[in-house]
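Me: Please go through this structure with me, one question at a time.

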Amino acid sequence: MLIVLFSALETEAQPFDHSGFDAILNAYVNELGEVDYSGLQANRTELDNYLETIGRISPKSHPERFGKREDRLAYWINAYNALVLRGVIHAYPVKSVKDIKLLSGFFNRTWYTVGGESFTLNNIEHDVLRVEFSEPRIHSAINCASTGCPRLEPSAFFPEGIEEKLEN
């Protein structure tokens, strides 16, 4: 008879780690929400690593890691913001996201892998964030890389404290 024992650590799903994205924002976004795109483009490894994880893991693909609303909300806000940064540095130098792809292609026709599925930025904003959360404050949290958008926070969203951060 073979008996296999698992520790609680091995069987418990680990929460999603946003600390890498937080470090990126701390390093490349100032208090005014301005992004050092050239610096980020030159040092993109951390962003690529974070997005590689986003590409494999999402609340849809691994719901056990995102039990609370705050976990899912922080994930999708950070994923959106990280994908915008990636889209801009991929095309950098560029004056406007409108120049990246015509006819709102940056938001509507550029596809990213999130949790093994394909999403556009508009899918994330309108089909996930707005539908699942009915959260009007997300518009102050997601950044479209334009001066007309709310400023990008120089820190990531974490489940702990997300309500206070959105309220601010």
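Me: Which residues in α5 meet which residues in α7?

Reply: This is a predicted model, in which local features need pLDDT of at least 70, side-chain atom pairs count only at pLDDT 80 or more, and totals for chains, interfaces and linings use all residues. Residues are numbered from 1 along each chain as its sequence is written, and side-chain values use heavy atoms, with hydrogens and water left out. Helices are DSSP runs (H or I, at least four residues) numbered from the N terminus, and contact means heavy atoms within 4.5 Å. From α5, the residues are Arg 69, Arg 72, Leu 73, Trp 76, Ile 77, Tyr 80, Leu 83 and Val 84, and they meet Leu 121, Ile 124, Glu 125, Val 128, Leu 129, Glu 132 and Phe 133 in α7.

Me: How many nonpolar, polar and charged residues has the contact of α5 with α7?

Reply: Ala, Val, Leu, Ile, Met, Phe, Trp, Tyr, Cys and Pro count as nonpolar, Asp, Glu, Lys and Arg as charged, and the others, Gly among them, as polar. By these classes, the contact of α5 with α7 has four charged, no polar and 11 nonpolar residues.

Me: Why are α5 and α7 described as roughly antiparallel?

Reply: Axes are lines fitted to C-alpha atoms, for helices over the stretch in contact, and angles run from 0 to 180 degrees between N-to-C directions. Angles over 145 degrees count as roughly antiparallel, under 35 as roughly parallel, 65 to 115 as roughly perpendicular and the rest as oblique. The axes of α5 and α7 (residues 121-133) are 10 Å apart, at an angle of about 165°. The two helices, α5 and α7, are therefore roughly antiparallel.

Me: Is Ser 58 buried or exposed?

Reply: Ser 58 lies in the loop between α4 (45-56) and α5 (69-91). Leaving aside neighbours within four places in sequence, Ser 58 is in contact with Pro 63, Phe 66, Tyr 75, Trp 76, Val 114 and Gly 115. Buried means under 20% relative accessible area, exposed over 50%, and partly exposed in between (1.4 Å probe, protein chains only). With a relative accessible area of 0%, Ser 58 is buried.

Me: Is Asn 123 buried or exposed?

Reply: Asn 123 belongs to helix α7. Leaving aside neighbours within four places in sequence, Asn 123 is in contact with Trp 111, Ser 118 and Val 128. Its relative accessible area is 18%, so Asn 123 is buried.

Me: What is the phi of Ser 134?

Reply: Most residues other than glycine have a negative phi. Ser 134 is in the loop between α7 and α8 (162-167). Although Ser 134 is not a glycine, its phi is positive, at about 45°.
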